[in-house]
Amino acid sequence: MRLTTVQARLMATMMLIVLLLSAFALQMFTHSRGTANMYQERLADLVRVAELTQAVDEAARTLGQLATDPAAGQTEARFAALRSEIYRLRRELPQATVSRTGAKLMVDLDNMTDSFLVEAGAAIHAFRAANLDRYYEHDREAATIARYVRETADRLLAAELEAFSEVYPEVLERDQLLQRIALTVLAAVSLIVVVAAWSFARSVTDPLQALAGAARRIAGGDLTGPPVPVGVDEEIKVLGQAFNQMQESLRRHMEELASKAELERRLRHEEMENLQMQSLLREAELRALQSQVNPHFLFNTLNMVAKTALIEGADRTCGLLETVADLLRYSLRAPDRPVTLGEEVAQVRRYMTIQQERFRDRIRFRCDIDEPALAVTIPCLMVQPLVENAVMHGIGSREQGGTVELTVRRAGDRVQVVVADDGVGIPENRLAALIEGTAEVNARGHTTGLGLYNVRRRIELFYRDQATFRIESAPGRGTRCLIELPYHVDPHTAGADHDQTGGENRAHPGG
Amino acid sequence: MRPSPTLILRISITLLIAAMLGGLAGYLQISREPVIAANYPVRSGNPPLRFLIVAPAQDNSFWTQVYRGASEAAARLNVTVEMQGARRASVEELVQLIDMAAAAQVDGIITQGVEDASLAAVMTKAANRGIPVITVETDITGSPTRRLAYVGTDNYQAGRLAAEELILRTGGEAVIGIVRGHLGPEESDLRLQGFRDALTMAPNMRIVAVAESQLNRNVAGRKALQILQQYPEVTALYATTEVDSIGVAQAVATVTGSRDILVVGWRSEQGWAEEPLSNLVRVSMVEDPAAMGRVAVEVLEAYLRRDVRPDRELSTPVTVKSRGRHL
């Protein structure tokens with residue numbers, strides 16, 4: 001049996017204690033029983049001696065009565081009975097004595113009894129033979145011997161009792177010693193039982209307390225504690241191991257939950273971003289749709305209005321409307337498709353025509369174009385916003401009006417485009433903000449929506465660092481924008497007008 | 001670090017077992033010791049012969065020596081010897097003790113012979129029961145004696161020797177007082193008879209008084225004093241036993257100085273030197289009682305075991321030791 005379970009250990013210890021205590025108790029019992037027996041035996045020995053003496057006395061008296069008693073037969077029978085009694089008692093005489101003297105006297109006693117019986121027998125014999133003289137002689141002798149027997153018995157008893165009294169203090173002392181040993185053993189056993197019980201209790205309650213503490217900790221939400229010590233007891237070990245496993249799996253579970261929650265949170269975040277993005281996209285789409293639908297509709301309407309004006313004979317109106325329609329058509333072309341500088345210049349002319357119609361004499365437009373340079377390929381709406389900017393900000397807010405000058409020059413493989421005005425100019429800090437695109441622009445309605453920043457950025461993206469864009473401005477003296485481009489002709493831009501027509505045709509069904 | 005419960009448990013169990021086993025062992029050990037045990041078997045398988053010395057007096061140095069010698073022989077011969085002494089030196093008690101011994105069926109009796117009818121009768125009774133009796137120191141000479149043998153000094157001759165030595169020491173002229181310890185009538189006291197008979201050769205030696213001490217040294221001393229007071233002419237004292245010699249020496253010591261008393265005494269070889277007044281006894285008849293006891297036991301053992309019948313009388317040597325100046 002392995003002593004690892006509480007039950008087994010408890011049982012083993014208790015069994016051991018019980019076994020040993022039983023052995024001890026048995027020994028004590030045996031000893032006391034033996035002592036009692038010994039006392040009893042010694043006493044019985046003495047009683048037998050006394051009985052023998054009495055029987056001999058009685059026999060001697062009976063023998064003496066033989067001659068005087070008229071019923072001699074009865075007396076003889078009585079004597080015979082006493083004689084057999086004496087024989088029996090002699091056989092039962094103790095075989096050992098406590099004192100040395102006692103042993104000798106016991107032999108004497110036995111022999112004297114024998115002598116007595118011999119003399120008594122002789123007396124009976126003489127009596128039967130009617131030899132009274134011999135009878136009296138033997139009777140007297142028997143009586144003397146009976147007296148000797150009594151004396152010897154007295155001495156024997158005295159010697160034995162003396163031996164008793166000599167050893168009695170020893171007996172007492174020994175019994176006290178044994179008592180003390182018994183008490184000591186009992187006390188030791190009690191103490192050890194208490195210690196064992198305490199130890200048992202500790203071996204059970206310590207792990208349980210640890211378990212309870214850990215349980216409380218876990219109940220408080222702390223799963224990071226160390227595993228509970230499991231101890232040696234099988235039951236407690238099982239409990240502790242189960243607890244530790246539970247704590248471990250709980251901890252793992254919690255960690256999984258936490259990571260899942262984190263994942264979910266991230267997913268939700270992403271989803272939200274997606275949604276935002278989608279909504280932005282949708283809005284962009286919407287805007288794009290709006291900006292697609294409206295211009296085409298406007299463009300068709302303008303064409304129709306222009307035809308109507310021609311039919312009604314309003315040539316000037318018709319021309320204006322056609323210009324506006326051209327302006328619009330140019331704006332509606334695919335914005336990522338490069339154009340030639342000539343097309344861009346044409347657009348600028350159309351725009352200026354419209355503006356001159358609006359502002360009349362207040363705006364003067366001068367063009368100085370180096371024709372060969374017009375074949376260069378540029379991103380669309382690159383020059384027109386600069387002109388528009390010059391009109392709206394440079395001259396538009398000036399009462400006396402002003403002049404806008406567009407200059408295109410080719411110098412070797414470089415092309416220089418300059419848009420200059422003599423308007424109010426731009427303050428230095430605002431100019432920087434405009435170029436960086438951080439300035440607020442609130443000129444809606446009058447512009448095509450693209451500002452200086454837009455232009456500069458597109459030039460940068462389109463040409464990398466092969467082009468330069470510069471703005472020079474002084475308040476009250478005007479603004480001068482300068483673009484210097486590499487001379488580069490893209491063969492595809494030759495069919496740009498065709499594309500434009502396609503776009504126009506495509507737009508018609510929608511109008 | 002707190003010791004683990006397991007460790008405490010183990011130690012506890014070990015202690016428990018040790019304590020319990022120790023207690024158990026101690027208990028066993030102690031309780032095994034016999035207390036009132038009957039240690040002395042009454043009869044062994046083959047009981048040795050039991051001899052009894054019946055002494056005429058208790059604490060008598062002579063008989064103590066006899067017992068000592070007898071015991072030595074007994075140990076050698078695998079027999080047992082006990083001694084009983086009469087409380088008061090009297091023939092009656094001696095007779096009764098012998099009678100009891102005979103009734104108790106001892107295997108042999110060693111006693112002092114006294115010229116007494118009852119003693120002779122009891123000896124006869126013992127002999128009839130098959131118990132041999134050896135007389136020591138003094139014999140019983142009455143006609144129908146059934147004693148097996150006498151072991152001791154030839155008392156008559158020794159008495160004569162004493163007398164002759166006294167005559168020599170006194171020049172044949174002395175007034176003599178006698179203190180005798182032996183039980184029985186004066187006529188049977190051979191030490192006295194021999195002494196008397198030897199003195200008849202010297203007419204100027206006369207005995208003025210004979211006193212009996214009953215084998216008691218105080219009585220002997222008193223009697224000696226009485227003689228000295230009653231008979232101022234006494235010049236010599238004769239004590240017939242060792243006990244008497246001591247008593248007489250004490251008496252002489254109290255009166256000496258005024259008178260020069262020549263003391264003739266008896267003593268045993270072993271016991272005498274211790275007596276402080278021994279030098280007062282100028283002439284001593286020295287016996288060997290231990291040898292007597294030894295011989296008595298040997299005789300009895302040979303008789304009972306091997307049926308060797310001894311001589312009727314076995315004399316042991318006696319020497320005369322005389323000190324001081326001769327006249």
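This is a predicted model: local features need pLDDT of at least 70, side-chain atom pairs count only at pLDDT 80 or more; totals for chains, interfaces and linings use all residues.
**View 1. Chain B and chain A, face to face.** Let's start with the whole interface. On one side, 42 residues of chain B are in contact, and their partners are 60 residues of chain A. Put together, the two chains bury about 4700 Å² between them. Carbon and sulfur atoms account for 66% of that buried area.

**View 2. Salt bridges across the interface.** How many salt bridges link chain B and chain A? The rule finds four of them. One to look for pairs B:Arg50 with A:Asp108. In that pair, the closest N and O atoms sit 2.2 Å apart.

**View 3. Polar contacts, and the parts of chain B that touch chain A.** Now check which pieces of chain B face its partner: helix H1 (5-32), strand E1 (40-41), strand E3 (79-85) and helix H3 (91-103) each supply at least two residues to the side that touches chain A. H1(B) gives the most, with 19 residues. Sort the residues on this side of chain B by type and you get 25 nonpolar, nine polar and eight charged.

View 4. Zoom in on strand E1 of chain A (residues 96-97) and E1(B). Which way do these strands run, parallel or antiparallel? They run antiparallel, and two bridges join them. To find your place here, look for A:Thr97: its bridge partner in E1(B) is B:Tyr40.

Definitions and conventions: Residues are numbered from 1 along each chain as its sequence is written. Chains are lettered from A and ligands numbered from 1 in the order in which they are written. Side-chain values use heavy atoms; hydrogens and water are left out. Contact means heavy atoms within 4.5 Å. Buried area is the accessible area (1.4 Å probe) that two parts lose on being put together, summed over both. A salt bridge is a side-chain nitrogen of Lys or Arg within 4 Å of a carboxyl oxygen of Asp or Glu. Helices (H or I, at least four residues) and strands (E, at least two) are DSSP runs, numbered from the N terminus. Ala, Val, Leu, Ile, Met, Phe, Trp, Tyr, Cys and Pro count as nonpolar, Asp, Glu, Lys and Arg as charged, and the others, Gly among them, as polar. Two strands pair if DSSP finds at least two bridges between them.
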